[in-house]
Each structure stands twice: as C-alpha cells, then as structure tokens.
Amino acid sequence: MEFTWVVKESSSLLKTFLKQQGVSKKLLAKIKFHGGLILVNGEEKTVRYQTQLEDNVTIVIPDEGEHETMLPFSGDLDIVYEDEHLLIVNKPANVASIPAQYHPNGTMANIVKHYYNEKKYSNRIIHVVTRLDRDTTGLMLFAKHGFAHAMLDKQLQDGRLKKDYLALVSGKINELNDTGIINLPIGRDMSSLIKRQVTENGQQAMTEYKVKSVSSDIALVDIRLHTGRTHQIRVHFSAIGCPLLGDSMYGGNCELGVTRQALHCRRLELDHPFTNERLVINQPLPQDMADLIH
C-alpha cells in the first residue's frame with residue numbers, strides 16, 4: 001500500500017515530515033525491516049534526508065497478512081460504508097464486538113475476518129476502532145490497516161471522532177432536563193468482573209444528552225460521548241435514576257418488551273484519515289427500539 005505527500009512548507013528532515021503526516025516510529029520500523037520503501041521523487045531515501053519544497057514523498061507499506069489466532073466466522077455483515085482504508089458496519093444485538101472468554105468466536109471481529117478472507121484482501125488483521133457492548137446495536141468502525149488505525153485512534157483521543165447514540169430510558173424521566181451533561185467518574189464495581197459504577201476513584205467520564213421525546217413511561221434520549229469508559233452510558237443514566245430499558249445489570253425496566261439494553265449507535269462523524277473529507281454516517285433505529293417508541 002502506497003501513500004504520497006508533497007512537501008509544502010520549509011525544508012525539514014524526512015523523519016520529521018513523515019511524523020507530521022502521522023507516520024509513527026513503529027510504522028517506520030516496519031517499512032525498514034519488513035520490505036517497505038521510503039521514496040523521494042522516485043528515489044529511495046533514509047529518514048535523514050533533508051526535504052525540499054515540492055518534493056514528492058512516498059511510503060510503501062508492506063502487506064500485513066493475517067493474524068492466525070483470529071478465527072473467521074461466516075455471519076451476516078451489514079456494511080454501511082467501505083473503502084480501501086475504512087469499514088463501517090451496522091452491528092446487531094446479541095453479537096459481541098471482539099472475542100473474549102465467554103464468546104471466543106462469532107463476534108463482529110470474526111465475521112469481518114471471514115469477509116476479508118472472502119474478498120482475498122492483502123491486509124486481514126482486524127483493527128477495531130470503536131467497540132459496542134454485546135447487546136448495543138449500531139455503527140461500528142474498523143480500520144483496514146494499521147496506519148489507518150493509528151490515525152483514527154488519534155482522532156478518538158483529540159475528540160474529532162464523534163459517536164452519537166439513541167437510548168430509551170425510564171425511571172425519573174420527569175426530572176431529566178431537556179439537555180444536560182453527566183460528569184461522573186466511572187470505575188470497576190469490585191463485586192463483579194464486568195459491572196462498572198460511579199466512584200470517586202474512577203476515571204473521568206462525560207456524557208452529553210438531549211431529550212428527544214417523552215411519554216408517560218419512556219424517554220428517547222440523544223447522547224454524545226465525550227469519553228469512552230466501559231458501560232459509560234448505562235452507568236451514567238442508572239446513576240441519575242433513569243436506567244436504560246432492558247438493562248437488567250443496571251436496574252433497567254425489563255417488562256416493556258425489550259430484551260436488551262435499549263441503546264443504539266446512530267451516528268459516526270470523523271475526518272477521513274487520508275482524504276481529509278468529513279464523513280458523517282447515520283444508521284436508523286433497529287426495529288425493537290422503534291416499535292417501543294411507536
């Protein structure tokens with residue numbers, strides 16, 4: 001895979017220029033020791049080369065191959081967006097994002113691996129950028145190679161990659177403001193291997209919300225995450241007395257017909273790491289949540 005840039009600013013070491021383009025030391029080492037190339041105006045150069053204005057700088061990244069321990073699994077894959085760098089899918093409920101002790105196969109990562117194999121892609125290592133809980137539906141982002149993964153991770157860290165959710169909540173919905181920010185630290189619940197809780201010693205966590213509609217029993221809430229803690233939305237809304245419908249772990253109402261936490265990643269917004277286009281991807285509510293609203 002090749003990437004090319006034109007030097008438009010004052011001269012610098014090639015190493016410095018490549019760092020400014022998001023090329024890490026790890027990637028430079030991979031290029032150097034695993035069959036890649038660094039070219040300037042078509043000629044191979046080292047990172048000590050002094051760039052000049054209008055130089056054409058190209059890196060050739062060797063193929064990743066595949067990770068043998070990630071098993072492929074044939075399953076339905078609802079692809080919402082795909083190009084040579086990114087894959088965005090609509091995850092259904094009751095499917096984990098990645099393999100773990102209690103679900104070693106059949107996850108979204110395994111299904112994507114099977115898809116890559118079917119397509120005979122040269123890069124078949126699975127790079128998960130945004131995960132979703134097993135029973136959360138909606139948009140899930142994969143990078144199709146390590147360079148894209150690193151660029152997208154940086155967007156996550158600096159807040160340029162935005163994730164918006166819709167949730168159905170009950171409980172003290174009459175006390176919900178029309179808009180608000182829940183800023184409560186989250187840490188492990190020591191009584192459980194999985195559960196999280198609001199705790200003074202936890203990591204800083206911030207959830208912004210806007211109430212879209214309210215009935216006598218249910219509120220539909222639009223949510224934007226400003227941090228990415230495990231179970232963040234579920235913990236935060238439980239902490240303010242408005243747990244998600246179907247979320248038995250955090251006190252949600254399970255008697256209204258929904259059999260999972262009523263949470264859906266409806267929107268991803270990000271800068272394409274190589275075209276700089278602002279991508280905005282939307283996904284409508286799944287049927288079980290839509291039925292409850294109606």
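Biologist: What should I keep in mind about the numbering and the model?
Modeller: Residues are numbered from 1 along each chain as its sequence is written, and side-chain values use heavy atoms, with hydrogens and water left out. The model is predicted, so local features need pLDDT of at least 70 and side-chain atom pairs count only at pLDDT 80 or more, while totals for chains, interfaces and linings use all residues.

Biologist: What makes Asp133 a residue to look at?
Modeller: UniProt lists Asp133 under "active site", in an unreviewed entry. UniProt positions are in the numbering used here, feature names are shortened, and annotations may be inferred rather than shown by experiment. Asp133 sits in the loop between β7 (127-128) and β8 (137-143); strands are DSSP runs of E with at least two residues, helices are runs of H or I with at least four, and both are numbered from the N terminus.

Biologist: Why is Asp133 called partly exposed?
Modeller: Buried means under 20% relative accessible area, exposed over 50%, and partly exposed in between, with a 1.4 Å probe and protein chains only. Asp133 has 23% relative accessibility, so it counts as partly exposed.

Biologist: Which residues does Asp133 touch, not counting those up to four places away in sequence?
Modeller: They are Lys91, Val95, His231, Arg234 and Gln261, where contact means heavy atoms within 4.5 Å.

Biologist: Is His231 buried or exposed?
Modeller: His231 is buried, because its relative accessible area is 9%. This residue lies in the loop between β14 (219-225) and α5.

Biologist: Why is helix α5 described as largely enclosed?
Modeller: Six of the eight residues of α5 (residues 232-239) are buried, so the rest of the structure largely encloses this helix. Among the buried ones are Arg234 and Phe237.

Biologist: What makes the largest pocket a pocket, and what is its volume?
Modeller: On a 1 Å grid over the protein atoms alone, a pocket is an open set of points with protein on both sides within 12 Å along at least five of seven lines, and lining residues have an atom within 4 Å of a point. The largest pocket has a volume of about 1,600 Å³, which is the space filled by probe spheres set on points joined across faces, edges and corners. Of its 45 lining residues, the closest to the centre are Arg131, Leu132, Asp133, Thr230 and His231.

Biologist: How do you know where the largest pocket lies relative to the domains?
Modeller: Domain 2 (63-158) and domain 3 (164-265) both give residues to its lining, so the largest pocket lies between them. Domain bounds come from an automatic or database domain assignment.

Biologist: Where does the second largest pocket lie?
Modeller: Domain 1 (2-60) and domain 2 (63-158) both contribute lining residues, so the second largest pocket lies between those two. About 390 Å³ of space lies in the second largest pocket. Of the 19 residues that line it, the closest to its centre are Lys26, Lys30, Glu64, Gly146 and Phe147. Helix α4 gives the most to this lining, with five residues.

Notes. 1 Å grid on protein atoms, 1.4 Å probe; cavity = no way out; pocket = protein on both sides within 12 Å on 5 of 7 lines; lining within 4 Å.
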